[in-house]
Amino acid sequence: MHDPSRANGRFGRRIIWLGVFIVIVIAAYTTGWFWLAGRIESQTRTALAKMEERGLKAECANLTIRGYPFRIGVYCDRVAFEQPAQAVSVAAGAFRSAGQIYDPMRLVAELDSPATVTVPDGGQIAFDWQTLRASTRLTQTLPERVSLEGTQLRVGANGRPQLVSAENFEAHMRPNEADVDLASSFGGLVFDPSVIGDRTVPPLTGEADLSVKDGLKLLAENRARNLRGQSGIVRKLTLQLGEKGALILSGPYSIDQDGLIDADFKVSISDPKALAISLAQVFPEQESKIKQGFAGLAFLGSKPSLPLRITKGKATLGFIPLGGIPPVD
């Protein structure tokens, strides 16, 4: 006959062994998490020490590793960086980074405002924002993508709290075979009149999408900051003044070793009438010329286009010479 007590006993032992197995797994996972946290903390402190060996000063106040059980990341109560040789320093609020245990190749980070940048002449630039986040997806060689986004940015200097502000902004970078693709956008960009010659400019909105030829090589050789010798293509560069009216530019470009630009762009104008009104507000002394010029564009349709050619720094819009463009660095 079937003995119920024996069956219940076997079931009870299985439950006990299952419980023991779960405890072992949790203990092993916890041990692994804290071992990894220790490695990350050690490597972070080593990286900070190596920076100081190179004459740089970097601080991560109250460095800790947090996120157990499902995340892991570096936390600092505040961060600072100083380059004494160039008399440049940066100080900001709390820093947080994290990677999910189940998706360790994707990292995210946040930085709290405010931040202060001290420049060589002794002046200070103050930054304040509501949110500032960065993210990246790593691969075995290079990041698959790097992104930065923020909201409610305010920039001031020398005691003036808001010389430039933006409601939102973002920037993205990714490898594209040997090239590097760049994309960015901003909205609600406002300049204090004192920054732009006491002129009043309506809020600006813009976006850019371009590719830099051989960008990976430039990054590897630390030449990305030097624009000379670079080339690429602008897929779309848009600048909108106010609620309507925008300039849209696209086409290939190159910069020679002397810093002179060569480009074959197409410039399109969205809603020329609205753009003319906005430009006339910015340059009231040129109001009549602006309206006359845009009135002629009206014959080309609601979204007229003109070629913008730049040859060795000399620009021509259609058949109209615009003058020279200074060499770039």
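1. Basis of the values. In this predicted model, local features need pLDDT of at least 70 and side-chain atom pairs count only at pLDDT 80 or more, whereas totals for chains, interfaces and linings use all residues. Residues are numbered from 1 along each chain as its sequence is written, and side-chain values use heavy atoms, with hydrogens and water left out.

2. The largest nonpolar core. This core (a set of buried Ala, Val, Leu, Ile, Met, Phe, Trp, Tyr and Cys residues joined through side-chain atoms within 4.5 Å) has 29 residues, of which Cys-76, Leu-153, Leu-241, Leu-275, Leu-279 and Phe-294 touch the most other members. At least two residues of the core come from each of helix 1 (4-53), strand 3 (71-76), strand 11 (145-157), strand 12 (160-176), helix 3 (272-282) and helix 4 (287-297); helix 3 gives the most, with four residues. Helices (H or I, at least four residues) and strands (E, at least two) are DSSP runs, numbered from the N terminus.

3. Leu-275 and the second core. When neighbours within four places in sequence are left aside, Leu-275 is in contact (heavy atoms within 4.5 Å) with Leu-241, Gly-245, Ala-246, Leu-247, Ile-269 and Phe-294. A second, separate core holds 13 residues, including Ile-261, Val-267, Leu-308 and Ile-310.

4. Strands count as paired if DSSP finds at least two bridges between them; strand 12 and strand 13 (residues 179-191) run antiparallel and are joined by 11 bridges, with Met-173 standing opposite Leu-182 in strand 13. The two strands form a hairpin with two residues between them, and Glu-177 in the turn has a positive phi of about 55 degrees. Strand 13 is also joined, by eight bridges, to strand 14 (residues 204-212), again in an antiparallel arrangement, and there the bridge partner of Val-180 is Val-212.

5. Aromatic pairs. Rings of Phe, Tyr and Trp (its six-membered ring) pair if their centres lie within 6.5 Å, and planes under 30 degrees apart count as stacked, over 60 as edge-to-face and the rest as tilted; a search of the whole structure finds four such pairs. The rings of Tyr-29 and Tyr-68 have centres 6.3 Å apart and planes at 40 degrees, so this pair is tilted. It links distant parts of the chain, since Tyr-29 is in helix 1 and Tyr-68 is in the loop between strand 2 (64-66) and strand 3, 39 residues apart. Trp-33 and Tyr-68 form an edge-to-face pair, with 5.3 Å centre to centre and 80 degrees between the planes.

6. Exposure within the aromatic cluster. Tyr-29, Trp-33, Phe-34 and Tyr-68 form one aromatic cluster. Buried means under 20% relative accessible area, exposed over 50% and partly exposed in between (1.4 Å probe, protein chains only); Trp-33 is buried at 5%, while Tyr-29 is partly exposed at 31% and Tyr-68 is partly exposed at 37%.

7. Asp-256. This residue lies in the loop between strand 16 (246-255) and strand 17 (261-270) and counts as buried at 17% relative accessibility. A polar atom of the Asp-256 side chain lies 2.9 Å from the backbone nitrogen of Asp-258. Apart from neighbours within four places in sequence, Asp-256 is in contact with Arg-228, Gly-229 and Lys-312.

Definitions and conventions. A polar contact is a pair of N or O atoms within 3.5 Å; within protein, one must be able to donate a hydrogen and the other to accept it, and residues adjacent in sequence count only if both atoms are side-chain atoms.
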